[in-house]
Amino acid sequence: MIRIFHNTTYDFIRWWKVALGLTAAFIVLGIGSLLIKGVNYSIEFTGGTLMQLHFKQPPDAGQIRRALDGGGFRDAEIQQFGSDTAYTLRVQGTAEVAAQSAGADRIAQRVASILTKQFGPNDVSIPRIEAVGPRVGSELRRDALIAILLSFVVTLVYLAIRFEWRFGLAAIIATGHDIFTTLAFLKLMHLEVSLTVVAALLTVLGYSLNDTIIIFDRVRENLRKGRKESLYDVLNRSINETLPRSILTHTTAAAATLALLLFAGEVIRPFAWVMLFGIVTGTFSSIYIASPVLLWIERKYPRAAAAWKPSSTATATSRTRPSPATATR
Amino acid sequence: MSLKYRIACIVALIAASAWALFPRTVVERVKRNDGYVLDTVRRVPLRKGLDLQGGTHVTLEVDDSKAAVANKSEAIDRALKVVRTRVDQFGVSEPVVQKVGNDRIIVELPGIDDPQRATDIIQKSAFLEFQITDKTNALDRAIPRIDAAAKALAPVLASTKGGTTAPDTTKNALQGLFANDTAKKSPKDTAGKDTTKGKTDTKKDTAVTPQTGGPFSKLIQQGQFPGEYYVAQSDVPTLERYLADSTVKAAFPPGKVLRLAADSTQFGERYFRGLYVLDERPIMTGEYLTDARPSTSPTEGTLVEFQLNNEGGRRFRNETAKHIKDYMAIVLDGRVMGRPPVIQGAIGTRGQITMGGQDLQSAQDLALVLRAGALPVPLKVADSRIIGPSLGKDSIDQSMHAGIIALVLIVLIMVVYYRFSGVLAVVGLSLYVLYTLAALAGFDAVLTLPGLAGFVLSIGIAVDANVLIFERIREELDRGKSSRLSIDEGFRHALPAIIDSNVSTALTAAVLYQFGTGPVRGFAVTLLAGIVASMITSIFVVRTFYTIWLTRASEQQTLSI
């Protein structure tokens, strides 16, 4: 029998301050740049036009640029897409988006005629065009926000039913942390916030919550056993006991995500990046956010000893290290 | 539950899944010799989304920029019928036309070659009117008032001209392309015999005298019969601005409307567009039209022949009888088609519209939209997505590639780490794949690219339940329990965690389904199907495998896990 991380007794919670510092620095860096430079929304949310161009021969990017400048699309964004004959083109300027309110496909038609004039109809093809009018864009943005908030509320209610509120709150705070780290990651990686990325973000939240639930479920079980242990020790023991499972599950999930990232093509790549990062941040937050928060809540709002330990032998004094603050000394 | 029933359940599930995925005979549109016909085909009942098979997705909404629309929802309902008829006649396999929300229509056309043509056909208002041209020179009398109104507008125009004319440059260039053909077109437009044409032309040509003066009148010159004027092609954008202005409109002669011609005409080196002064009340509209067919004639090029129903024919006959020797303009969506012909005698139920120099396809498209009827409200594109078929195929190939690699990696990890139990998990996993696909086929879900990614991802997540159970069994074995007891306890203790984690993910997927559109919805559906299938396989199927193993193994045999 191959065993990894079997019967470990790492004191995970002891490092919560270091972990918190690291994650706080990451979030401040990412969110800071987000606040300064703004969110990099895809055309689905802002309105605009996205076109994928395939050329017969590798084109001169400057030539595309000049053709578009000549047509009046100065703020069009041209990017290489996978191979050197494929490019994407984004037109997201406010004037162009406003022009799309009269018909979302107008800009795409103009760009297409400029490009076929410049390169000839046989040498350039446009296999993908996405055009979103400004009204649809703002509606999608609202819908995405509602979706994120609603999934939050729904899972909170579920956790409140299945666990007691202390666990639910800790899990939600950990999930909130994942939203912030993922947003920071999106910004630092210069990824666009698109509908698929929002879907990936929600999946990450589900995955992270999943992970927190597995550990909390073990905590719940260990607490019922009524050993003379502090919550601090129970948490550490639960994390250690679920460690082999965590490693194995995350490895398989990461393997699937890596396969997507490397082989599933350009369109799905941002989705795969978010998922891969989500696996990391989800695992991290289950251990270093959810657990310390649970300890903190427990110190603020201690419960009756009887509720902790159904067996009457337990006493309140058995909790030797009730808070992470005392633990790190 | 006894072992027999468990096995029976699994076999039944496999059979049901295989049946759900088995190619079945369905009736759908298929392409045969350039046309689309309804036919029965056998195919696997898993539908590919537009992003995987290529196609066009268009969301249309009411265009109220020109005139306010009181009841959008009701207008969209009526427009939906017209759009559906047009799409059906256009001929694609499995088109989707549906109303979303209150005021939008989604049109999905899988695998079409010319998306621009498709959106043009869908959007065309196709409002057909027959109007008599003015013969009282009403416009000439109104010119001073119109000029005065236009003068007030002129400075505004001059300052915004740069911005407003820019979008029309491509349009002008396009019309320039057609111009050679349009110059050759015959001015004869409906079935009345028009033999006097040559004579009137030469007579009236002398009347083409450029009018100079005010900002409006300097743009137009008298045409070849009363009510006809010409505008230089380069002046058309300016003129359209004038025509759209409400104060200019107020100065128009009462009971008359001004309409531009659809095509331009060449005189010498320059291109002109006709401008016609018409009686506001049409003598006939397209609502009485029963049929329209494209046709060609050696003298008139492409044309559309139409037929009116009996009531329309009677009216048309009465009205045209009143207007013999008058010119009748055929106005489609506010543009005059061809040159208005002279009415020679009463016209009955048949007529024709000449298409200028346009090709047969334009005639086919016009005939199609005329048959389907006019749109009750103008529609505009709110968003559109066009995916080429080759791109869709690439996406499928790449996701398959990624899926196979992910599967191989996961199988390796599980078998190396858990040995015999890992093999059981892998068998469970292959059933999981089967069940998920069957569930997708059963609910007639659409496979999209994010959906495929979600599927690959859910394979990774599906092993989580197995891992939880196996780790738990190992713990129980460590405590010195027997294989049988460890398996029992392992499943029992792992269950709450599996249920909690899957339910919370399922809730997220449900929210995504509710609020997501198109591809994201596809992702949510695969995720939901995956969660259900993974619960069934990990809790029920793998458990049964263990039970089988326990009945065959001797008591002392150690569990390979």
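Predicted model: local features only at pLDDT ≥ 70, side-chain atom pairs only at ≥ 80, totals over all residues.
How many residues of chain A are in contact with chain B, and how many of chain B with chain A? I found 60 residues of chain A in contact with 60 residues of chain B.

Next I looked up what chain A brings to this meeting. The elements giving two or more residues to the side that touches chain B are α5 (106-119), β4 (124-132), α6 (134-162), α8 (195-225), α10 (243-263) and α11 (269-300) of chain A. I noted that α10(A) gives the most, with 13 residues.

Five bridges join β4(A) to strand β18 (residues 379-387) of chain B, and the two run antiparallel. Here I spotted E130(A) standing opposite R385(B) in β18(B).

My last stop was a sheet in chain B. I saw three strands in an open, antiparallel sheet, in the order β13-β14-β17. Because β13 (289-297) and β17 (350-354) of chain B each have a single partner strand, they stand at the edges, with one side of each left without a neighbour in the sheet. From one strand to the next, the twist averages 25 degrees.

I also checked how β13(B) meets β14 (residues 301-308) of chain B: they pair in the antiparallel sense over eight bridges. Within this pairing, D291(B) has Q307(B) in β14(B) as its bridge partner. Finally, I found helix α11 (residues 360-372) of chain B lying across β13 and β14 of chain B, at about 170 degrees to β13(B).

Notes:
Residues numbered from 1 in each chain as written. Chains lettered and ligands numbered in written order. Pairing = 2+ DSSP bridges. Helix = DSSP H or I, 4+ residues; strand = E, 2+ residues; numbered from the N terminus. Axes fitted to C-alpha atoms, helices over the stretch in contact; angles between N-to-C directions. Contact = placed C-beta atoms within 7 Å.
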